[in-house]
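Trainee: I have a chain to go through with you. Can we take it step by step?

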Amino acid sequence: MKIAARLPLLLLGLTMSCTLHHSKQALWAGEKPEPRPDATFVTEEDSGLMLFGAFNLAEPDHYAVLLERARRRHRCESMHHAQLDFYTDHWLIVAFPVSRITLICEHSPPAVSKP
């Protein structure tokens, strides 16, 4: 086979089963004092589904949805220094676009049940 005929196969092989990082953005980092001792880093992510790198069957959740999910799931009283990552995992004809948010969560105290 000539090199020109092998080039598309080589390029196809390089893009299969790899991760392509698209962006990393700080969403906000207001002037906050040092986090409380109970603060932790939390991460929420969601993925979509894409065929042949062109047809979106499902898109990952918007960053606002991920922020709200993190607030509820981790009982965050205060959230800050959030960072949004967007990347795509490619596997043969299927790709998974992923959005991930990482932030500092200062927890609210546990709810006290009344007898």
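Mentor: Start with a term: buried means under 20% relative accessible area. Keep in mind that this is a predicted model.

Trainee: What share of the 115 residues of the protein chain counts as buried?

Mentor: Apply that cut-off of under 20% relative accessible area. Over the 115 residues of the protein chain, the buried share is 24%.

Trainee: In what order do the elements of the protein chain run from the N terminus on?

Mentor: The secondary structure comes to 2 helices and 6 strands. Read from the N terminus on, the order is α-β-β-β-β-α-β-β.

Trainee: Which elements give two or more residues to the largest nonpolar core?

Mentor: That core has 10 residues in all, including Leu66, Leu67, Ala70, Met79 and Ile101. Two or more residues each come from H2, strand S5 (76–91) and strand S6 (94–107).

Trainee: Which residues does Leu66 touch, not counting those up to four places away in sequence?

Mentor: Contact here means heavy atoms within 4.5 Å. Leu66 belongs to the largest nonpolar core. With residues up to four places away in sequence left out, Leu66 touches Glu44, Glu45, Asp46, Asp61, Ser99, Arg100 and Ile101.

Technical notes:
Residues are numbered from 1 along each chain as its sequence is written. This is a predicted model: local features need pLDDT of at least 70, side-chain atom pairs count only at pLDDT 80 or more; totals for chains, interfaces and linings use all residues. Side-chain values use heavy atoms; hydrogens and water are left out. A nonpolar core is a set of buried Ala, Val, Leu, Ile, Met, Phe, Trp, Tyr and Cys residues joined through side-chain atoms within 4.5 Å. Buried means under 20% relative accessible area, exposed over 50%, partly exposed in between (1.4 Å probe, protein chains only). Helices (H or I, at least four residues) and strands (E, at least two) are DSSP runs, numbered from the N terminus.
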